[in-house]
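Try each task before you read its solution.

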Amino acid sequence: TQTETLLEVNNIEVIYNHVILVLKGVSLKVPKGGITALLGGNGAGKTTTLKAVSNLLASERGEVTKGSIIYRGERVQDLTPNDLVRKGVIQVMEGRHCFEHLTVEENLLTGAYTRAASRGDVDADLEMVYEYFPRLKERRRSQAGYTSGGEQQMVAIGRALMSRPETILLDEPSMGLAPQLVEQIFNIVKSLNEEQGYTFLLAEQNTNVALRFAHYGYILESGRVVMDGPADDLRENPDVKEFYLGMS
Ligand code: ATP
């Protein structure tokens, strides 16, 4: 049985400010129901790749100048970020981006804005989020700005879930978090994947953790994919061990 490919990035080139070539022909495939990791060091182009997919480059004066981005067989690179959310693709940005003055629960509710959902549906989704993030239920009346980094990452993921996505693009979920919390967040991602069927494409500098939880990985260097393969194979690969696994 062949798994359906949800997202296909074909040989994309991204240029910032009309002159800075950052992605030099990146291709990747994201299968339905999988956790796919985009790996590589600082500045390799991971964030740029995610933003190209979710159409968030324009605000940074970036554009896809070559190649195509296909979701469920349809070319999506001319859609607005909101249209893409309606198609089931949502990005959780690096750095978490909560509304600091809103409560945790209000933050989660803002995630439901793109759909015309009934209050009952929204409540059911909220319960689902609290089931996976019990900590957020405890903190639901707290102002998001006063919660910890780990809790804010949970809010950011929970908020994305409220849009009822099919595919979640997760940018650097481990950033700035203690190892124990990183482990906790990745375990929740794994449960969401296995129990709820969400598809993930995640960008991570922490190769170690990402390859333990992902099914497949792509390694980016200076805007190019230099290696890809099943996560277990990458973990055993001598070059990956030497250049990536020792470091994180
Ligand atoms: P990081 O983990 O630091 O986010 P990354 O692999 O996600 O790394 P990108 O953020 O995609 O890398 O950056 C890739 C390259 O593009 C870097 O050289 C960066 O300086 C450059 N870049 C990113 N955003 C812009 C921008 N708005 N304008 C110009 N250059 C940019």
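**Exercise 1. The open sheet**

Which residue in β2 is the bridge partner of Tyr16? Then place the hairpin of β1 and β2 in its sheet.

Solution. Before starting, note that this is a predicted model, in which local features need pLDDT of at least 70, side-chain atom pairs count only at pLDDT 80 or more, and totals for chains, interfaces and linings use all residues. Residues are numbered from 1 along each chain as its sequence is written, and side-chain values use heavy atoms, with hydrogens and water left out.

- Step 1. The bridge partner of Tyr16 is Ile20 in β2. Strands here are DSSP runs of E with at least two residues, helices are runs of H or I with at least four, and both are numbered from the N terminus.
- Step 2. Nine bridges link β1 and β2 in the antiparallel sense; two strands pair if DSSP finds at least two bridges between them.
- Step 3. Three residues lie between these strands in the hairpin, where Asn17 takes a positive phi near 50 degrees.
- Step 4. The open sheet has four strands, ordered β2-β1-β4-β5, with antiparallel pairing. β2 (20-31) and β5 (74-75) are at the edges with a single partner strand each, so one side of each has no neighbour in the sheet.
- Step 5. At the β5 end, two bridges join β4 to β5, and Ile70 stands opposite Arg75 in β5.

**Exercise 2. Another hairpin**

How many bridges pair β9 with β10?

Solution. 

- Step 1. Strand β9 (residues 216-221) and strand β10 (residues 224-230) run antiparallel and pair over six bridges.
- Step 2. Leu220 has Val225 of β10 as its bridge partner.
- Step 3. With two residues between the strands, this hairpin has Ser222 at a positive phi near 45 degrees.

**Exercise 3. Ile35 and the cores**

Is Ile35 buried or exposed?

Solution. 

- Step 1. Ile35 belongs to strand β3 (residues 35-39). Its relative accessibility is 2%, so Ile35 counts as buried (buried is under 20% relative accessible area, exposed over 50%, partly exposed in between, with a 1.4 Å probe and protein chains only).
- Step 2. Leaving out residues up to four places away in sequence, Ile35 touches Val189, Lys190, Asn193, Phe200, Leu202, Phe213, Ala214, His215 and Tyr216, where contact means heavy atoms within 4.5 Å.
- Step 3. The largest nonpolar core has 49 residues, and Leu108, Phe133, Leu136, Leu192 and Phe200 touch the most other members. Such a core is a set of buried Ala, Val, Leu, Ile, Met, Phe, Trp, Tyr and Cys residues joined through side-chain atoms within 4.5 Å.
- Step 4. Apart from it lies another core of 28 residues, including Tyr16, Ala52, Leu201 and Ala203.

**Exercise 4. The largest pocket**

Which residues lie nearest the centre of the largest pocket?

Solution. 

- Step 1. Of the 22 lining residues, Ile90, Gln91, Met93, Tyr113 and Arg159 lie nearest the centre. On a 1 Å grid over the protein atoms alone, a pocket is an open set of points with protein on both sides within 12 Å along at least five of seven lines, and lining residues have an atom within 4 Å of a point.
- Step 2. Two or more lining residues come from each of α2 (81-87), β6 (89-92) and α6 (149-161).
- Step 3. The largest pocket holds about 450 Å³ of space.

Technical notes
1 Å grid on protein atoms, 1.4 Å probe; cavity = no way out; pocket = protein on both sides within 12 Å on 5 of 7 lines; lining within 4 Å. Points joined across faces, edges and corners; volume = space filled by probe spheres on them.
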